[in-house]
Amino acid sequence: MIIALLAGIAISSQLEFLEGIFASPEPINGIVLACLVVLVVGVTDDVFDLRWYWKMLGQATAALAIALNGIRLEAMPVGWIHIRNEPLQIFLTVFIIVLTMNAINFVDGLDGLAAGVAAIGAAAFFIYSYVLARTINEFDHSNLSALLMALLLGASLGFLIHNFYPASIFMGESGAMLIGLIMATGALAVTADVDALDSFRFRNVPSFMPIILPIAVIILPLVDLATAVVRRTASGRSPFSADRGHLHHKLIDGGWTQRQAVLLLYLWSSLIAFGTVAFNFVDSVILLPSLAVLILIAVYITSNPWQRRRVRDEKRANALRNEEKNNSGDELAGE
């Protein structure tokens with residue numbers, strides 16, 4: 001996956017259409033350096049099982065490579081609050097990248113799950129980023145975030161062919177951290193367009209999209225991360241200890257097969273990510289009721305094994321009660 005991403009960057013640098021992205025080499029250099037750090041840390045962890053603090057130090061180093069080379073959180077896309085303090089920009093950038101890397105790492109528990117969720121999120125984010133690029137500049141549609149999402153989409157799909165259940169290869173720590181790194185970097189790169197977007201934000205691109213979409217595309221990993229930290233901390237264990245409390249484990253324990261659980265999480269990821277992107281193209285009067293119906297359908301599908309189990313348990317309980325009544329009737333008749 002890392003080779004695919006770096007090869008894609010190298011090829012892209014030779015395309016005239018994308019020359020605007022490579023006009024300043026620092027951001028690309030930071031991304032390449034961060035990918036190499038992720039590779040070293042990931043392979044080392046897979047081989048030697050690093051302690052969590054060493055792994056987090058490696059993640060922070062990769063994030064610093066991004067932040068120190070010009071890709072930073074320059075504005076909060078809520079009312080376009082600018083962040084002028086450079087150390088604060090760097091700190092928030094590192095925090096967001098490390099958080100996203102761990103969120104993706106937590107969800108990488110079933111064959112094809114992380115790669116599929118990454119592909120879905122990258123596709124949704126690419127659509128938004130490209131629309132944003134066309135909105136800002138009608139002459140230059142090159143956009144770093146769009147490029148990163150296109151490369152991540154290709155790398156994830158190429159890997160998913162061999163990683164879907166039953167998997168023949170596994171992404172390990174390097175692949176999971178790479179997904180989080182590129183997802184977060186793409187989201188952060190969007191904030192650099194805030195000044196250019198400001199005069200356009202009420203025209204084609206909803207003003208809330210830069211803050212909502214990055215969250216939407218990785219909402220499942222973020223929810224899984226948050227619940228895992230709370231669950232493990234509450235039980236007195238390390239937040240990084242392993243357990244079977246993840247979303248995908250709950251689905252399997254509920255009655256879904258491994259393949260079905262992964263496809264179900266694909267469904268939810270697609271619904272949330274593309275549903276959010278759709279606000280750019282569909283009137284909310286039409287979109288909101290449509291999303292509500294789709295969510296209800298997804299809830300029904302998700303709860304189906306539990307519903308069937310409840311019906312089965314009720315039938316079994318009724319059968320036992322009827323059997324007890326019959327036995328009681330037989331005893332009375334005998335007397």
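## Contacts and overall make-up

Among the contacts in the protein with a separation of 6 or more, 77% are between residues 24 or more positions apart. The model is a predicted one. Its secondary structure consists of 13 helices and two strands.

The protein has 335 residues, of which 46% count as buried.

## H2 against H7

Helix H2 covers residues 25–48, and helix H7 covers residues 172–191. Their axes come within 7 Å and cross at roughly 150 degrees. Angles over 145 degrees count as roughly antiparallel, so H2 is roughly antiparallel to H7. The crossing of H2 past H7 is right-handed. On the H2 side the contact is made by Ile-31, Ala-34, Cys-35, Val-38, Leu-39, Val-41, Gly-42, Val-43, Asp-45 and Asp-46. H7 contributes Gly-172, Glu-173, Ser-174, Met-177, Leu-178, Leu-181, Ile-182 and Thr-185. By class, eleven of the residues in the contact of H2 with H7 are nonpolar, four are polar and three are charged.

Asp-45, one of the H2 residues in this contact, has a relative accessibility of 7%. The limit for buried is under 20%, so Asp-45 counts as buried. Apart from neighbours within four places in sequence, Asp-45 is in contact with Leu-50, Lys-55 and Glu-173. Glu-173 is also among the H7 residues that make the contact with H2.

## H6 against H7

H7 also packs with helix H6, residues 144–163; the axes of H6 and H7 come within 8 Å and cross at roughly 160 degrees. This angle makes H6 roughly antiparallel to H7. H6 passes H7 in a left-handed crossing, whereas the crossing of H2 past H7 is right-handed.

From H6, the residues involved are Leu-144, Ser-145, Leu-148, Met-149 and Leu-152. They meet Ile-179, Ile-182, Met-183, Thr-185, Gly-186, Ala-189 and Val-190 in H7. The contact of H6 with H7 comprises nine nonpolar residues, three polar and no charged. Ile-182 and Thr-185 of H7 take part in the contact with H6 and are also listed in the contact with H2.

## The loop between H6 and H7

The loop between H6 and H7 holds Pro-166. The peptide bond from Tyr-165 to Pro-166 is cis, and its omega is near -5 degrees.

## H3 against H4

Helix H3 (residues 52–67) and helix H4 (residues 86–107) have axes that come within 9 Å and cross at roughly 130 degrees. H3 and H4 are therefore oblique to each other. Their crossing is right-handed. In H3, the residues of the contact are Lys-55, Met-56, Gln-59, Ala-60, Ala-63, Leu-64, Ile-66 and Ala-67. In H4 they are Ile-90, Thr-93, Val-94, Ile-97, Val-98, Met-101, Asn-102 and Asn-105. The contact of H3 with H4 has eleven nonpolar residues, four polar and one charged. Lys-55, listed on the H3 side, is also in contact with Asp-45.

Thr-93 lies in H4. Its relative accessibility is 0%, so Thr-93 counts as buried. Leaving out residues up to four places away in sequence, Thr-93 touches Ala-67, Ile-71, Arg-72, Leu-73 and Leu-188. Of these, Ala-67 is among the H3 residues that meet H4.

## The loop between H2 and H3

Asp-49 sits in the loop between H2 and H3. Asp-49 has a positive phi of about 55 degrees, although it is not a glycine.

## Leu-263 in H12

Leu-263 belongs to helix H12, which spans residues 258–277. At 45% relative accessibility, Leu-263 counts as partly exposed. Leu-263 and Leu-113 are 150 residues apart along the chain, and their C-alpha atoms are separated by 8.3 Å.

How values were computed
Residues numbered from 1 in each chain as written. Predicted model: local features only at pLDDT ≥ 70, side-chain atom pairs only at ≥ 80, totals over all residues. Heavy atoms only, no water. Helix = DSSP H or I, 4+ residues; strand = E, 2+ residues; numbered from the N terminus. Buried < 20%, exposed > 50% of the residue type's maximum accessible area, 1.4 Å probe, protein only. Contact = heavy atoms within 4.5 Å. Axes fitted to C-alpha atoms, helices over the stretch in contact; angles between N-to-C directions. Parallel < 35°, antiparallel > 145°, perpendicular 65-115°, else oblique. Left-handed = near helix turned anticlockwise from the far one by under 90°. Nonpolar A, V, L, I, M, F, W, Y, C, P; charged D, E, K, R; others polar.
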